[in-house]
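Subject: Structure handover

Hello,

Please find the structure we talked about below. My notes on it follow.

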Amino acid sequence: MIDVLIVGGGGAGLRAAIAVAETAPELSVAVVSKVYPMRSHTVSAEGGAAGVIGAGDTLDEHCYDTISGGDWLCDQDAVEAFVAEAPRELIQLEHWGCPWSRERDGRVAVRPFGGMKRERTWYAADKTGFHLLHTLFQTTLKYDGIQRYDEWFVTRLIVDDGRVHGVVAVDIRTGRIETIAARTVILTTGGCGRVFPFTTNAAIKTGDGMALAYRAGAALKDMEFVQYHPTGLPFTGILITEAARAEGGWLINKDGYRYLQDYDLGKPTPTPKLRSMELGPRDRLSQAFVHEQQRGRTVETPYGPVVYLDLRHLGENKIDARIPFVRELCRSYQNLDPATDLIPVRPVVHYMMGGVHTDPDGATPIAGLYAAGETACVSINGANRLGSNSLPEILVFGRRAGTAAAAFAREHRQAEPPAVRSQGEDERRQLERAREGNPDGERIADLREEMQRTLEGAAGIYRTGAELAKAADTLAELRERADAARVDDTSATFNTELINLLELHTMLDVARTIVACALNRRESRGAHQRTDFATRDDAEFLAHSLVHRAPDGAPSVGLLPVTITRWPPGERVYGRD
Amino acid sequence: MTEAKPQQARQATPKRTITLEVSRYRPGQDEEPVFESFEVPLMDDWAVLDGLNYIKDQLDGTLSFRWSCRMGICGSCGMNVNGRPRLTCGTFFTEFAEPGAGPIRIEPLKGFPVIRDLVVEIDDFLDKLRHVQPWLIREGEELPLTSEYAQTPAQLEAYKQYSMCINCMLCYSACPVYVLDPDFIGPAAIALAQRYELDSRDMGDRFDLLNLDEAVWGCTFVGECTRACPKHVDPAEAIQRYKVTAAMRSILPWSRSRR
Amino acid sequence: MTTAYRPRRDYGWFLRNRNYAVFVARELTSVFVAWAIVFLMVVVDAVLNGGDPAAFAGRPWVIALNVLTLAATAFHAVTFLNLAPKATVIRLDGYRIPDWMIQGGNHSAWLLVSAVVAYFVLRSP
Amino acid sequence: MRRRTPEPYLWLLFSGGGVVAALLLPVLVLLFGVLMPLGVLDWPSAAHLAALLDPVVVRLAVVAVVVLCLFHAAHRIRFTSEELLGVARFDLIIALLCYGGAVAGGVIAVVLLF
Ligand SMILES: Cc1cc2nc3c(=O)[nH]c(=O)nc-3n(C[C@H](O)[C@H](O)[C@H](O)COP(=O)(O)OP(=O)(O)OC[C@H]3O[C@@H](n4cnc5c(N)ncnc54)[C@H](O)[C@@H]3O)c2cc1C
Ligand code: SF4
Ligand code: F3S
Ligand code: FES
């Protein structure tokens with residue numbers, strides 16, 4: 001029996017694994033991941049990681065930026081813990097070898113970022129996530145105690161009597177279906193951007209951990225808050241990092257006009273001004289895009305309307321020094337050079353503020369079950385995450401969850417209940433049935449596309465009750481149709497079609513909670529904008545949405561008050577001071 | 001909201017089609033890999049990976065291959081395209097689509113055992129990475145977690161290039177020495193060792209791990225690894241530089257300094 | 001379960017791509033290097049022990065072989081001197097000396113040495 | 001402790017030989033192997049050449065050049081033959097033959113020159 005079983009090998013999972021290996025070397029720890037850990041999506045993060053370090057910056061200011069950025073839906077105790085621990089986590093990464101960009105004198109360099117009042121975003125050029133993940137992965141190799149199950153897909157949490165006992169997983173390579181018994185399980189499976197058609201997220205971001213917890217009876221929190229990043233490349237959805245704007249890039253419409261000035265985000269200045277214009281928060285920038293489009297000031301392309309990101313005035317040298325990956329991506333995927341050309345961009349689904357409901361130690365209400373990273377909702381991101389808060393989040397709460405799980409595993413040494421075997425057998429039968437194939441049904445890809453279209457139509461940047469209600473019905477019906485989906489691949493070895501089917505199911509579960517929470521929240525806050533309830537309603541909705549799976553499989557939504565410590569709700573002010 | 005539907009735009013009226021000859025190997029069914037041809041739309045902005053996804057989604061759900069980020073950073077989509085190791089998410093149809101060009105041949109990365117179709121076995125590669133101790137080694141007292149080790153931009157520059165490896169293994173596939181002799185530790189692992197050896201914060205010494213017949217001395221400087229590398233890591237250079245270091249260390253055994 | 005397919009050894013690998021062929025050609029110049037030494041030893045032997053170097057060197061097959069050897073050793077020189085910067089990264093002030101400078105230096109040295117040798121050999125007594 | 005490997009030393013000899021061969025051989029082959037036999041240049045007198053070889057340093061240098069160049073060739077022939085023919089399992093024998101040849105060449109050079 002494994003003491004701490006971590007599902008997910010991204011930044012949060014690996015940080016948790018190291019925390020266990022360091023603080024409790026006598027415990028066994030294993031990382032199960034559906035891709036090799038260094039392929040996890042953390043690798044794509046570009047811009048940076050926020051942590052108070054520079055002179056003149058304070059923890060309180062980082063707290064305030066985060067809380068106002070999240071439209072006062074953040075739990076402030078969690079934010080305070082997060083902000084206080086972020087710098088030491090980033091320094092820890094430095095001590096493990098992360099190649100952070102440096103000042104001339106050898107100190108770590110920081111850059112401005114959207115919604116942040118101070119320069120506090122650490123970066124490794126514009127491959128921050130890549131360096132962070134590889135540093136963590138290489139550091140885990142140092143610990144013999146960290147076992148890995150690479151390319152194993154977890155399909156079920158084993159929960160009995162309010163306590164987690166392990167997981168069922170498929171070894172993708174051989175097709176072996178195994179029950180892995182464990183004293184504690186930490187879910188670090190990342191986000192679910194793939195439920196939308198146009199996203200910066202990698203193919204693996206299908207919300208598996210959220211669905212696993214949800215099916216096992218845990219609650220998901222704040223699922224209606226889906227972040228649109230204002231600058232994705234049309235067609236591919238590849239992200240152009242916010243760092244491009246932090247370094248001085250401008251957003252202009254089809255007339256070459258810096259349109260953000262029309263949306264209460266401040267006045268244009270030649271050099272970037274913190275918390276203003278292009279450095280406003282992502283929700284407001286993405287919303288401004290929609291208004292520009294309605295005014296006919298965007299440019300039509302085969303892949304939808306776009307505006308332009310203008311980096312030309314930065315010059316080749318600065319681009320190569322600070323954001324070389326942006327140039328590389330534009331050249332390869334858009335066939336243009338940002339040093340001389342405008343980059344077409346449009347808002348793109350980027351990040352999930354919601355996730356598995358946990359306390360600041362990553363604990364869920366199910367004993368022994370923890371969650372951390374994008375898959376969890378602690379919640380520090382509230383209604384809108386600030387750019388560069390997520391990488392420190394996966395470190396801080398990855399470590400916290402790891403330490404907490406280790407402590408729990410040490411104190412609660414249970415025997416294996418019979419449920420482990422019976423639930424494992426049950427899951428095995430279902431998976432084997434799925435692998436028998438089904439020559440008739442609809443194609444997985446077609447169902448997936450319909451789900452994605454439904455979500456984009458109803459749960460995009462602006463939403464209405466009527467559309468959401470209709471989408472809820474469509475998704476419920478899709479869930480049934482997905483049970484009869486066509487499966488041609490009956491092989492045990494590396495059956496990716498089976499994986500696609502399982503992911504379709506998890507995405508549908510997650511999609512339904514997104515729509516249900518959005519329908520229930522009859523106000524507009526942060527990334528959740530209802531045209532039928534256009535203002536924030538603190539009287540009723542200064543509260544988290546908590547969604548459970550009802551016995552009939554439908555989502556059932558309730559509310560949970562927000563923890564306020566020192567920052568009472570106020571107006572979100574950008575660009576005015 | 002009336003947002004465009006990229007998924008549909010994707011399938012908008014292809015002008016022409018192109019043939020992909022895809023290597024199939026289904027254990028228990030095929031004795032050895034065979035080619036299967038698929039017609040896919042020839043879209044200007046499609047990469048080879050988009051073509052493979054089209055096959056999987058629309059034509060044959062049983063085709064297996066790895067991919068994730070589709071932005072050239074996760075390192076999972078390496079395959080042999082027309083005989084060369086490439087990242088399929090960064091290799092575009094336009095490169096092959098001049099009139100009269102033949103089909104595009106897609107095979108698994110050469111030099112690795114094939115698990116299925118385009119999926120190769122990489123555990124051995126990970127063992128090699130681990131062999132070189134790719135983590136920061138310190139001696140003596142640690143700094144507290146309130147201050148960082150200083151490192152100037154020039155010191156960062158000294159190893160930065162070797163830290164850009166995405167573990168895509170294209171270099172292994174390109175290196176004839178590795179393909180002929182899988183014991184060779186290979187380009188990416190040695191570049192990774194150099195990444196730490198040249199890091200001003202590292203105090204380790206990987207001489208005993210690198211000064212081996214199957215490590216740096218296995219390389220005959222074919223140089224193809226560097227040409228194949230999509231991230232400009234230049235592993236060939238990393239290896240030759242360590243050969244100099246190792247040779248100097250061998251004739252001047254007392255010279256422990258690495259820089 | 002090891003059902004993975006292990007490809008058979010590819011004996012013709014060096015024909016699969018131009019760069020491999022160039023590599024093999026580069027390596028095979030070493031045969032000509034060896035021959036050049038043998039040839040020069042024969043000349044030295046003749047000079048020191050009273051033979052006629054011209055007699056051996058003048059045979060048609062030896063001339064033909066030496067024309068090839070000239071090409072091969074020149075190719076060896078170009079490739080070898082060009083690859084040197086890979087092994088010798090030189091940093092001044094923290095910034096790396098570009099490859100072409102090192103290569104330029106190497107080629108200049110080659111020209112210089114060749115000129116000196118030719119001068120001593122041809123200097124009429 | 002890991003097994004000690006002779007490769008660093010062999011590689012140094014190989015590299016030194018590569019440099020020497022690159023700098024010296026083309027011009028020598030050009031003069032003695034091509035231009036003089038073809039009559040483009042006249043053969044210098046045997047006495048002149050013998051005089052050039054007279055100082056001991058020059059003789060020693062010639063021996064060094066011979067040994068280094070042969071080592072260079074031996075090293076490459078060893079690896080290339082193993083890669084081309086796939087006979088790496090006979091490495092020890094091949095290595096002995098190749099380097100043995102180079103040593104023999106050195107011995108012959110000494111005999112000739114001294
Ligand atoms: C393009 C892009 C750029 C970004 N840039 C920034 C930035 O600059 N700054 C910032 O702070 N944040 C950024 N973010 C957000 C941030 O990168 C992510 O939120 C964060 O990396 C998530 O890390 P994670 O560890 O939670 O999950 P991931 O890294 O996504 O890892 C998930 C892991 O779970 C595993 N897994 C999933 N499902 C299963 C299953 N069923 N069975 C087994 N294993 C499973 C996967 O294999 C993977 O190992 C960016 C995000 C994107 C998309
Ligand atoms: S060195 Fe280059 S080719 Fe080799 S694995 Fe790394 S990134 Fe890929
Ligand atoms: S191709 Fe192979 S032989 Fe060396 S230079 Fe690169 S590792
Ligand atoms: S899909 Fe990630 S590198 Fe190609």
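Which residue of chain B forms a salt bridge with C:K86? In this predicted model, the partner is B:D234, and the closest N and O atoms of the pair are 2.8 Å apart. Across the interface of chain C and chain B, three salt bridges are found. Polar contacts between chain C and chain B come to eight residue pairs, counting those with both residues at pLDDT 80 or more.

On the side of chain C that touches chain B, α1 (18-48) and α3 (60-87) each supply at least two residues. The largest share, five residues, comes from α1(C). Sorted by class, that side has nine nonpolar, four polar and eight charged residues.

As for extent, 21 residues of chain C are in contact with 28 residues of chain B. The two chains bury about 2200 Å² between them, with 55% of it on carbon and sulfur atoms. In chain C, the residues that lose the most area to chain B are C:Y5, C:Y20 and C:K86, together 28% of what that side buries.

The residues around ligand 3 belong to chain B and include B:C175, B:C219, B:C225, B:F184, B:F221 and B:E224. Two helices of chain B, α9 (224-228) and α10 (235-251), each supply at least two residues of this shell. Its make-up by class is nine nonpolar, two polar and one charged residues.

Regards

Conventions
Residues numbered from 1 in each chain as written. Chains lettered and ligands numbered in written order. Predicted model: local features only at pLDDT ≥ 70, side-chain atom pairs only at ≥ 80, totals over all residues. Heavy atoms only, no water. Near = heavy atom within 4 Å. Helix = DSSP H or I, 4+ residues; strand = E, 2+ residues; numbered from the N terminus. Nonpolar A, V, L, I, M, F, W, Y, C, P; charged D, E, K, R; others polar. Contact = heavy atoms within 4.5 Å. Buried area = accessible area lost by both parts, 1.4 Å probe. Salt bridge = Lys/Arg side-chain N within 4 Å of Asp/Glu carboxyl O. Polar contact = N/O pair within 3.5 Å; in protein donor to acceptor, adjacent residues only side chain to side chain.
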